Amino acid sequence: MARPREFNEDRVVTAAMETFWRHGYEGTSTRDLCDSTGLGPSSLYNTFGGKRQLYLRALERYHDTATAEQVEILRGPGPAKERLRAMMLHAVDADLDEADARGCFAINAAVEVAGLDPEVKGAVRRSFDRVEEELCAVVEEGRRAGEFRSTGEARTVARRVQSTYYGLRVLSRVHDDRETLLATVDGALADL
């Protein structure tokens with residue numbers, strides 16, 4: 001099957017990302033990808049090289065969209081602690097509002113595929129590292145402003161915040177009590 005006339009690579013990669021996100025890497029068949037993207041099997045392979053390569057492109061797309069959204073929240077206005085809280089609350093609300101409880105695509109990829117595939121690990125690490133850099137900058141700003149009393153390297157504190165953030169993303173997949181998740185957020189931030 002030839003590419004549709006209205007072929008739009010961005011749209012195809014986004015559709016594939018949504019499919020992988022909903023079903024996981026192993027749970028997504030080539031037929032699923034063809035159905036969601038509108039490409040035939042030969043067009044999918046000729047354009048992207050196969051399922052794995054399209055998965056890597058989907059992870060890039062996630063980095064360019066969702067990771068960029070996290071960075072935007074962290075760079076927003078207001079006190080450092082409020083920006084950290086806003087990022088965490090945004091994730092909690094997004095995860096609880098999802099009808100299909102798909103969670104964070106990067107975390108899903110880290111758990112399902114990254115341990116088995118160095119390129120997937122690198123793609124996930126790129127997103128995690130980007131968030132870590134921004135968290136480190138926010139921690140440093142918060143220290144300069146006197147908002148945070150925690151000692152130790154800013155990067156270590158940032159990683160603790162990041163671990164809480166990613167833990168919330170996982171916890172929200174099985175725990176739908178927003179108040180409990182908010183208490184976790186507030187407890188983590190109180191310790192800064």
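## Exercises on the pocket and the cavity

H4 and helix H7 (118-144) each contribute at least two residues to the lining of the largest cavity; helices are DSSP runs (H or I, at least four residues) numbered from the N terminus. The model is predicted, with totals for linings using all residues. Residues are numbered from 1 along each chain as its sequence is written.

**Exercise 1.** Determine how many cavities of 30 Å³ or more there are, and describe the lining of the largest cavity.

*Solution.*
1. A cavity is a set of points on a 1 Å grid over the protein atoms alone where a 1.4 Å probe fits but cannot get out; lining residues have an atom within 4 Å of a point.
2. The count is one cavity of 30 Å³ or more.
3. The largest cavity holds about 40 Å³ of space, a volume being the space filled by probe spheres set on the points, joined across faces, edges and corners.
4. Its lining residues include Tyr62, Thr67, Cys104, Phe128 and Tyr166.
5. By class, six are nonpolar, three polar and none charged.

**Exercise 2.** State the volume of the largest pocket and identify which helix supplies the largest share of its lining.

*Solution.*
1. A pocket is an open set with protein on both sides within 12 Å along at least five of seven lines.
2. The volume of the largest pocket is about 220 Å³.
3. Of its 13 lining residues, Trp21, Tyr62, Ala66, Glu69 and His90 lie nearest the centre.
4. Helices H4 (51-74), H5 (80-97) and H8 (154-171) each supply at least two lining residues.
5. The largest share, five residues, comes from H4.

Technical notes. Predicted model: local features only at pLDDT ≥ 70, side-chain atom pairs only at ≥ 80, totals over all residues. Heavy atoms only, no water. Nonpolar A, V, L, I, M, F, W, Y, C, P; charged D, E, K, R; others polar.
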